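Here is a short briefing to read alongside the coordinates. It starts with one chain and then moves on to the contacts between chains.

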Amino acid sequence: MKIAVCIKRVPDSETRVKIAADGKSLDEAGVKFILNPYDEFAVEEALQRKEQAGSGEVVVIALGPAAAQETIRTALAMGADRGTLLQADRIPADGLAAATALAAELKGGGYDLILFGKMAIDDYNHQVGPMVAELLDLPCVTTVAHLEIEGGKGVAEREIEGGLEVVEFPLPAVLTTDKGLNEPRYPALKGIMAAKKKPLDVKPAALGAGRMEVVAMKPPPDRKEGKIVGEGGAAVAELVRLLREEAKVL
Amino acid sequence: MARGEGRGERFVPANYQPLLPTDRLVLKEGSEGAGDRMELDVLIVGAGPAGLACAIELAQLAQRDGTEVDIGVLEKAEALGEHSLSGAVVNPRAFRELFPDLKDADFPFRGPVKQERVCLLTGRRAFTLPTPPTMHNAGNYIASLSEIVRWLGERAAALGVNVFTGFPAASLLMDEQRVAGIRTAASGLDRDGRPLANYMAPNDLVAKVTVLAEGTRGALAQAWLDRQGVSSENPQLFALGVKEIWETKRPLDMIVHTLGWPLPADAFGGSFMYPLEPNLVALGLVVGLDYGEAGLDVHELFQRMKLHPLFRGYLEGGEMVEWGAKTIPEGGYYSVPARRSGDGVVILGDSAGLVDVPSLKGIHYAMQSGMFAARAILTSLKSDDTSAARLAEYDRLVNSSFIMKDLYRTRNMRLAFKDGFYVGGLKAAVMTATGGRIPGWKIAMARDADVPRRLTSRLRPGSVTPDGKLTFSKVDGVFKSGNATRDTIPVHLVVGRDVPLTAAEFYARMCPAGVYEVTQGTLRVNAPNCVDCKATDVLGPRWLPREGGSGPKYKRM
Amino acid sequence: MLAVLEQRDGALRKVSHEVVTGARRLADALGGSVDALLLAAGGVKGADQLGRFGADKVITLTNAAFGMYAPEGYARVIAERAATGGYRAVVFAASATGKDLAPRVAARLGCALAQDVTDVGVEAGAVVVTRPVYAGKALLTLKLAGTPALVSLRPNVFTPVERPRAGVVESAAVDGSAGRVVVQRIRAADAGALDVAEAPIVVSGGRGLKEPANFKVLEELAAAFAGRAAVGASRAVVDAGWRPHADQVGQTGKTVSPTLYVAVGISGAIQHLAGMRTSKVIVAINKDKDAPIFKVADYGIVGDLFEVVPKLTEEIKKLHG
């Protein structure tokens with residue numbers, strides 16, 4: 001099975017967000033970068049599918065700055081076979097521009113599956129995967145939490161409000177992975193050593209024109225000062241009134 | 001109840017402390033249980049300043065010599081620097097020797113020490129004292145150890161050293177008397193020890209020489225010294241430091257050390273406050289673990305300390321951005337093991353007790369010890385002889401160097417304080433004046449765990465309710481240490497059997513991370529809170545290595 | 001503006017009102033109209049009410065294959081409509097379906113998409129949006145160039161506002177297949193219980209509950225919300241084995257962002273706050289007036305939870321009649 005996994009280098013979720021001097025981006029001083037956690041499910045799924053099929057190749061592709069090579073090495077240490085970095089110092093805010101670059105790289109690759117994490121934990125954009133699918137004219141299912149593949153067909157389950165959607169699709173296909181799909185493996189020591197020797201090529205990214213511009217990045221507004229409504233059971237009626245009329249949540 | 005205890009009597013921590021679990025820390029080479037096996041020339045346990053300096057020096061020497069040496073460094077933290085914590089004010093001499101082509105400006109320091117002050121505190125005031133000769137820091141640099149370690153790590157990697165993060169060494173592998181290598185900890189086990197879907201078996205790494213650079217209270221170093229029967233004139237003593245980093249509104253332009261308040265007279269220690277940047281301040285309180293009162297809580301004392309006008313003046317209106325804790329080996333010269341090398345093994349840095357308490361220095365000794373070890377190791381590799389006799393060259397290099405000279409000069413200074421702050425202060429003054437010649441003989445010390453503590457009837461003397469602005473709870477501190485250890489991890493602490501309430505309460509105060517709690521009259525162990533400071537290993541339940549990546553994620557500590 | 005709405009089993013989904021509200025806001029700023037679009041197998045109940053929230057026209061496009069969400073079929077039809085209709089903006093809900101559908105439409109149109117926005121507006125004739133990034137630790141303001149501008153709205157943020165317009169209902173049949181990706185069915189989630197991370201209302205308990213059996217009072221409160229509330233737990237009670245780890249809210253548990261979070265007997269350690277601080281409204285009930293949770297709560301009651309919570313349950317039951 002030939003599988004491509006698109007991954008992203010993102011700031012660690014515990015990062016204390018400081019806004020850079022330009023007022024539009026994250027101040028990266030001291031920030032620890034990791035492989036996007038949702039992409040780990042994608043890499044793991046690719047590795048498992050290849051292992052089940054008995055043969056094949058798992059290719060990892062990242063769009064990002066030169067440092068993203070380290071992120072690709074992490075995926076190689078997990079067991080991917082080779083990696084490609086589409087180098088771009090700034091990842092565009094417009095997901096379609098990123099998708100254009102990735103689609104150009106993936107085209108003609110003959111992949112049975114192209115996997116993405118459902119979203120990146122920095123921008124929460126939730127769009128590059130399905131956009132790539134459209135550009136490549138491939139079927140796509142997003143936020144897959146359970147997956148079965150038999151022959152050239154797949155059945156996926158995805159969480160929607162109040163239930164699970166059961167979806168059928170033919171291969172080749174693009175899938176975006178959600179938490180719970182599998183349990184990503186830790187890279188083994190041997191894997192880390194082997195990763196250093198696996199092929200990793202770097203080429204400039206062919207980004208599409210962006211149609212979205214960052215105007216500003218700001219810290220969230222401080223929550224308004226809360227109030228103690230009262231003491232004991234006597235305060236309940238007032239609390240409910242406030243929740244209904246003021247907060248409008250009931 | 002054990003001897004000498006009871007309300008109004010004394011509590012002796014050693015009575016409830018399990019023995020070091022050497023049966024888990026030392027395994028026979030070739031024993032079952034490992035998944036993969038890897039062979040290296042030199043295996044270094046711990047990517048702290050000692051371990052990385054050793055790796056860099058070894059790689060540099062090998063390169064110059066035209067020899068190929070396969071070096072691997074194992075680090076239990078998820079990323080370099082995440083378990084590193086120090087004040088710190090660094091003596092640059094080891095950096096200069098390790099990187100002769102670089103200038104001071106190239107090193108990962110924050111800035112030179114410009115001004116310094118030593119103060120004696122009372123509850124409300126601060127009296128400036130003349131700076132003791134041992135504490136002069138002109139020519140030294142303020143730094144973050146986490147940043148130093150990351151910088152050293154990059155240099156090591158550039159030299160071809162394999163640094164593996166997220167891999168704790170859980171046991172030594174021994175072939176009779178020889179250290180053959182180590183076995184890593186398993187990962188992906190649930191709380192009951194059952195494998196989860198992403199379970200990874202331990203790995204065996206074998207090498208011609210194993211370098212133990214585990215830092216303070218290293219588990220494998222302890223086990224090896226114990227097994228080999230290597231002793232020191234005094235047992236090793238420890239202090240616990242709790243530290244925070246603050247973004248402050250008011251700038252700080254000098255380093256400050258304090259003595260006195262809030263420490264009770266029968267506790268040795270003091271505080272430090274250093275500017276990493278004018279508005280980025282590192283401060284902490286360090287207390288010897290032989291404190292007299294069972295209820296002493298270093299974290300809480302530190303929180304109270306911040307309310308003193310001296311500190312409050314800088315911290316008010318600022319934000320606490322990091323919190324952490326670590327023990328420091330304080331025994332000095334007489335607590336350094338008689339030998340720190342053996343068949344196939346050497347012990348570096350804090351694990352060997354190479355810390356000078358009066359000057360609060362350990363980083364440059366750690367690095368220097370790593371460099372000496374590298375030289376001894378290369379010679380032994382080339383002559384294909386990694387026996388104790390050969391590796392003893394490392395001990396000779398350390399013993400004849402400034403490391404042991406410095407430690408010898410201040411050999412009794414910390415020890416004098418076992419009689420309390422005032423008598424100790426007097427003795428220390430005499431020692432300083434006489435260059436250590438009076439008293440010349442060794443002051444005998446007991447292990448921290450053997451020191452009896454007073455149980456007072458007052459539960460919490462003047463405790464502080466954390467306000468979330470200047471003072472913080474232990475649980476909030478642990479959050480700020482970056483600790484996000486998964487809740488379902490197996491418990492890595494070995495608790496004594498039948499721990500009475502007094503011991504449980506003692507542990508609850510002793511641990512800065514709130515691992516131990518007394519709920520409904522029994523001891524609860526919140527193991528995921530652990531930040532690997534090792535205070536527990538000194539006074540209470542024994543600490544064992546756990547799944548890689550667990551524990552704190554210090555950024556600039 | 002084109003507002004893409006959602007239906008399930010032939011009935012309008014409530015989030016559709018929010019979509020129309022958002023589209024109306026843009027239309028008013030740009031001086032335009034709102035066409036609400038529904039794809040279904042037949043008529044959609046509730047479609048005739050959309051005028052109330054500002055829809056000028058409500059168009060239902062029917063196709064036997066469109067009863068359930070058909071990703072490729074829907075994307076094709078909507079993209080065609082958007083391209084030929086001269087729309088300035090296309091607005092979706094950032095629901096599970098919307099987040100799947102909007103990128104496909106955007107790629108087909110070659111236009112930019114701002115997902116999961118919390119505010120929309122117009123500046124110098126361009127559509128401008130605000131959206132949270134870095135798990136809500138920062139807010140990004142973006143300007144969309146090109147026409148149409150595509151946005152998906154975060155649910156529970158664009159409170160439906162009455163802005164009555166004509167709401168003329170049209171219906172037409174459309175050709176075409178569902179596409180290669182076929183939704184077979186929707187099945188109920190396992191165990192029936194609402195997941196803490198999905199529920200619009202979360203009632204969480206901590207050590208103040210004193211005993212595992214006492215969680216019953218929280219379960220009763222949750223039940224009073226008629227299926228919209230889940231019971232969460234602090235790390236302390238999960239560690240003690242009182243509640244399963246799946247219910248744990250906090251840094252090492254789940255991060256939740258419900259409309260209403262009720263913290264009962266929870267002190268408010270930072271690691272817990274990290275898991276629920278982006279909740280829209282936070283209520284705290286605790287007998288310790290100095291508990292840190294009160295600093296983060298919008299409303300608080302200081303008192304004995306065993307007295308307060310049952311009363312609250314009663315009042316909520318009354319509301320739901």
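Chain A of this predicted model has six helices and 13 strands. Its C-alpha atoms fill a box of roughly 70 × 45 × 40 Å along the principal axes. For the complex, the predictor gives an ipTM of 0.93 and a pTM of 0.92.

**Chain A as a whole**

- Of the 250 residues in chain A, 50% count as buried.
- Among contacts in chain A with a separation of 6 or more, 70% come from residues 24 or more positions apart.

**A closer look at V58(A)**

- V58(A) sits in strand β4 of chain A, which covers residues 57-64.
- V58(A) counts as buried because it has 26 C-beta neighbours inside 10 Å, and the cut-off for a buried residue is 20 or more.
- Leaving out residues up to four places away in sequence, V58(A) touches I3(A), V5(A), A46(A), L47(A), K50(A), A80(A) and D81(A).
- R211(A) is 153 residues from V58(A) in sequence, and the two C-alpha atoms are 32 Å apart in space.

**Confidence in chain C**

- The average pLDDT of chain C is 92, and 98% of its residues score at least 70.

**Where chain A meets chain C**

- This contact takes 65 residues from chain A and 63 residues from chain C.
- On the side of chain A that touches chain C, the elements giving two or more residues are α3 (95-106), α4 (128-136), β7 (140-150), β8 (153-160), β9 (163-170), β12 (212-218), β13 (227-231) and α6 of chain A.
- The largest share of that side comes from β9(A), with eight residues.
- Sorted by class, the side of chain A that touches chain C has 37 nonpolar, 13 polar and 15 charged residues.

**Helix pair α6(A) and α8(C)**

- Two packed helices are described by the angle between their axes and the distance between the axes.
- Helix α6 of chain A (residues 236-245) packs against helix α8 of chain C (residues 305-319) at an angle of about 50°, with the axes 9 Å apart.
- That angle makes α6(A) oblique to α8(C), and the crossing of the two is right-handed.
- From α6(A), the residues V236(A), A237(A) and V240(A) meet V308(C), K311(C), L312(C) and E315(C) of α8(C).
- The residues of this contact between α6(A) and α8(C) comprise five nonpolar, no polar and two charged.

**Helix pair α4(A) and α3(C)**

- α4(A) and helix α3 of chain C (residues 96-109) pack at an angle of about 40°, and their axes are 8 Å apart.
- With that angle, α4(A) is oblique to α3(C), and the crossing of α4(A) and α3(C) is right-handed.
- On the α4(A) side, the contact is made by P130(A), M131(A), E134(A) and L135(A).
- On the α3(C) side, D100(C), P103(C), R104(C), A106(C), A107(C) and R108(C) make the contact.
- By class, the residues where α4(A) contacts α3(C) are six nonpolar, no polar and four charged.

**Where chain B meets chain C**

- Here 11 residues of chain B are in contact with 12 residues of chain C.
- The side of chain B that touches chain C divides into three nonpolar, five polar and three charged residues.

Note on methods. Residues numbered from 1 in each chain as written. Chains lettered and ligands numbered in written order. Predicted model: local features only at pLDDT ≥ 70, side-chain atom pairs only at ≥ 80, totals over all residues. Axes fitted to C-alpha atoms, helices over the stretch in contact; angles between N-to-C directions. Helix = DSSP H or I, 4+ residues; strand = E, 2+ residues; numbered from the N terminus. Parallel < 35°, antiparallel > 145°, perpendicular 65-115°, else oblique. Left-handed = near helix turned anticlockwise from the far one by under 90°. Contact = placed C-beta atoms within 7 Å. Nonpolar A, V, L, I, M, F, W, Y, C, P; charged D, E, K, R; others polar. Buried ≥ 20, exposed ≤ 12 C-beta atoms within 10 Å, placed from the backbone. pLDDT = per-residue confidence, 0-100.
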